[in-house]
Amino acid sequence: MVMQLSDDQRFQVMMEEWRQCESGIRGLDAITFKIRAWVVTLVAGSIIAATRPDFDVSIWIIFGFILTFYFIDTMVNSYKDVFIITMQEISEIMGRTSLSENHSNIDCYQKPLYPEKFKNKDYYKYLRTNFLRFDNWCFYLFILITVLFYFKFAEI
C-alpha cells in the first residue's frame, strides 16, 4: 500500500512516526526500569525471608526470579530495538531530504515503517544480540553474584 499523499503530507507522517517511535522508546525504558526494580525487590525480599528460621527460601527460587526477569527484560529491549532501527531509517530518509529541495528524496518513504516491523516480528532478530548486551546481562549477573555471596556467607 503506497501512500497517496503530497510530499509535505508524507513529511508530516514521517515526523509523526518519529514522535511515536520516540514515545515508544521512552515507554519501554520505563518498563525496563520497572522490571529491574521488581527483580531487586523480589531478590531482596527473598534474602530477607531467608534470614527467618521459620521460612525456607531456596537459592533456586531466587535464581528462577532472576532468570525470568532477565528474559522479560531481553524481550522488552528487543521491542525497543525495533523502534530505534525505525528511527534510524527515518533519520536517513530525512537526512537526504533538505527542506529547500521540496522533499525530492522523500519518495523512499512509502508508508509508516514500524507497524510492518512488528507484524513481521522483526523483534525476534534482536533477541540474540540483547541476550549478549553488556548492560543487560551485567545487571542480572551482579544480582546473581550478590545472592550467591549471601548464601555462601550465610552458612558461616
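Contact here means heavy atoms within 4.5 Å. Leaving aside neighbours within four places in sequence, I62 is in contact with V43, S46, I47, V57, V147 and F151.

Before going on, some housekeeping. This is a predicted model, where local features need pLDDT of at least 70 and side-chain atom pairs count only at pLDDT 80 or more, while totals for chains, interfaces and linings use all residues. Residues are numbered from 1 along each chain as its sequence is written, and side-chain values use heavy atoms, with hydrogens and water left out.

Now the overall layout. The protein chain has five helices and zero strands (DSSP runs numbered from the N terminus: helices are H or I, at least four residues; strands are E, at least two). Of its 156 residues, 33% count as buried, meaning under 20% relative accessible area with a 1.4 Å probe, protein chains only (exposed is over 50%, partly exposed in between).

I62 also turns up in the largest nonpolar core, being one of the residues there that touch the most other members, along with V39, V43, I66, Y140 and V147. Such a core is a set of buried Ala, Val, Leu, Ile, Met, Phe, Trp, Tyr and Cys residues joined through side-chain atoms within 4.5 Å.

The largest share, eight residues, comes from α1. Apart from this core lies another of five residues, including M75, V82, Y123 and Y126.
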